[in-house]
Amino acid sequence: MRYLSTRGLPDDPRPGFWDILLEGLAPDGGLYLPQNYPQVDAQTLDRWRHVLTTEGYPGLAQAVLSLFIDGIDPADLRRLCELAYGPGVFSSPEVVPVSELDGGLWLAHLSGGPTAAFKDIAMQLLGRLFEFELGRRGRGLTILGATSGDTGSAAEYAMRGLAGIRVFMLTPAGRMTPFQQAQMFSLDDPSIVNIAVDGVFDDCQDLVKEVSADLEFKHRYEIGAVNSINWARLVAQVVYYVAAWLRVSTTGGPVSFAVPTGNFGDIMAGHVARMMGLPIDTLVLSTNENDVLDEFFHTGVYRVRSAAETRATSSPSMDISKASNFERFVFDLLGRDAGRVRELFADRLVAEGMFDLSGTPEFQTLRQRFGLVSGSSRHADRLAAIADVDRRDGVLIDPHTADAVTVARRHVQPGVPMIVLETALPVKFAATIEEAVGRRPERPARFDGLEDRPRHVVEMPDDVATLKALIAERVSR
């Protein structure tokens, strides 16, 4: 399997998986995608069903990932999958169990990992892949990432203690819940540097891209990425779409997925799974009040918001107004025309802050070709959904999952299961849960006293020179 950039020229080299794993963004500022999506048929899906039944989630992960990863002995890939998804890592041996809710909905439980968020599923594998390849190359890696809530803690818990890996994680100051902050800032590890940026998530994400665009600095300090701009993280998420489909669609028929998203990474993995041939009828994208993506899928206009326009909401991990992974989808939408993508994202978006595809034939046929619809949810909707699922099903869901439930109910079709992808355990958003149902969510014992632990965080202005100086100083220690 070879990979290309969304902004690449026809004669650009086509790197393999292990090169793009360590690189993150492409040198031209684009994002990597497979040169072609591998195709699966009914026989392959039947075989994967048997693998999931007999070998569990690690076996399924190896089967799916082997379509995208070469240059590794199958036994080594299986070992890495066992380390990521084996006994004791996740609360359920199924890793991604499913349960049926009322009204044609299903819930794919993705929050059983160390930090109680869906990001753990990809991060646990990503850490093992990094360690394996760095060991083969005899080098280190400086991970630079940005988080709106859960990516940071999932990355830090997955990467800490791994040989040769340092983590610099940017967070928007004051924009995460106290629990989310404490999960990150309580880690006392010299290889992990938490940085609170005076800005919103989009500012943090822009800083990561600016550093990565300085190729000399990037190579000198061995900068890599764990955000979903890194293809390896996104492809790890494809596996749980397959697992959820296998567990819900016992007859092999199509299902739909409802996905809460701000950066377009989680639903992009569903798009990849659908392009591969997984029987997905509809992908339902759910946003909160920061509805730049919902606006695009209804109007064809993609308009990023300023920091002042980006609202702080009760589903804070989706308080994003510049969706990095959206470029991957637009690349597919426009027939993989890298020239048009460069013009939209590198030129027009930078100069004008928006672009408009409403009059293009590609946008007019988007729903038919890609099965993707969207909707948004507000604070009152979240509260109502949390209370409704608690009352009808006896299940507490977090606010982001509630956004997805709200929008999913608008798109349920008779005979087609609608699988809602869960985001996190409710304990991470206790104040909103209490507002919705009148009680605090259960707190797992491992999180007792989390907010009272000492904090380890560097405060920083929204300035790339300051960030580079900090990286240079800490890496040189």
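Two strands count as paired if DSSP finds at least two bridges between them. Keep that rule at hand for the sheets on this tour. The model is predicted.

**Stop 1: the parallel sheet**

Select β7, residues 192-197, together with β15. These two strands pair in the parallel sense, over 3 bridges. Now pick out Ile195 and look across to β15: the bridge partner there is Val458.

**Stop 2: Val226**

Go to the loop between β8 and α9 (231-248) and select Val226. Is Val226 buried or exposed? Its relative accessibility is 0%, so Val226 counts as buried; the cut-off for buried is under 20% relative accessible area.

Show what surrounds this residue. Leaving aside neighbours within four places in sequence, Val226 is in contact with Met123, Leu126, Phe130, Ile143, Leu144, Ala155, Met159, Met169 and Arg233. Take Leu126 from that list. Val226 and Leu126 are 100 residues apart along the chain, yet their C-alpha atoms are separated by 7.8 Å.

**Stop 3: the mixed sheet**

Move to the sheet of 6 strands in the order β3-β4-β14-β9-β10-β13. It is open too, and here the pairing is mixed. β3 (98-100) and β13 (372-376) stand at the edges. Each of these has a single partner strand, so one side of each is left without a neighbour in the sheet. Neighbouring strands of this sheet are turned by 25° against each other on average, direction ignored.

Select β9 (residues 255-260) and β10 (residues 280-287). They run parallel and are joined by 5 bridges. Val255 has Ile280 of β10 as its bridge partner.

How many residues of β10 are buried? The count is 7 of its 8 residues, so color the strand as mostly covered.

**Stop 4: helix α7**

Select residues 201-213, which form helix α7. At 1.5 Å a residue, its 13 residues should span 18 Å. The end C-alpha atoms are 18 Å apart, which agrees. Which residues of α7 are buried? They are Phe201, Asp202, Asp203, Cys204, Gln205, Leu207, Val208, Val211 and Ser212.

**Stop 5: helix α16 and what covers it**

Next comes α16, residues 379-393. It has 15 residues and reaches 21 Å from its first C-alpha to its last, close to the 21 Å expected at 1.5 Å a residue. Highlight its buried residues: Arg382, Leu383, Ala385, Ile386, Asp388, Val389 and Asp390. What covers them? The cover includes α17 (399-408) and α18. Step past the end of the helix to Gly394, which follows α16 and has a positive phi, near 70°.

**Stop 6: Ala431**

Stay with α18, residues 430-437, and select Ala431. Is Ala431 buried or exposed? Its relative accessible area is 54%, and Ala431 is exposed. Ala431 and Ser315 are 116 residues apart in sequence and 11 Å apart in space, C-alpha to C-alpha.

**Last stop: the whole protein**

Zoom out. The secondary structure comes to 19 helices and 15 strands. Along its principal axes, the C-alpha trace spans about 60 × 55 × 50 Å. With 477 residues, a compact globule would have a radius of gyration near 23 Å; the protein has 21 Å, which agrees.

Color by burial next. Buried residues make up 62% of the 477 residues. Switch to a surface view: the protein exposes about 16,900 Å², and carbon and sulfur atoms supply 50% of it. Finally, turn to contacts. Among those between residues at least 6 apart in sequence, 75% join residues at least 24 apart.

Notes: Residues numbered from 1 in each chain as written. Predicted model: local features only at pLDDT ≥ 70, side-chain atom pairs only at ≥ 80, totals over all residues. Heavy atoms only, no water. Helix = DSSP H or I, 4+ residues; strand = E, 2+ residues; numbered from the N terminus. Axes fitted to C-alpha atoms, helices over the stretch in contact; angles between N-to-C directions. Rg over C-alpha atoms; globule rule 2.2 N^0.38 Å. Buried < 20%, exposed > 50% of the residue type's maximum accessible area, 1.4 Å probe, protein only. Contact = heavy atoms within 4.5 Å. Areas by Shrake-Rupley, 256 points an atom, 1.4 Å probe, with all protein chains shown as cover. Expected span 1.5 Å × (residues − 1).
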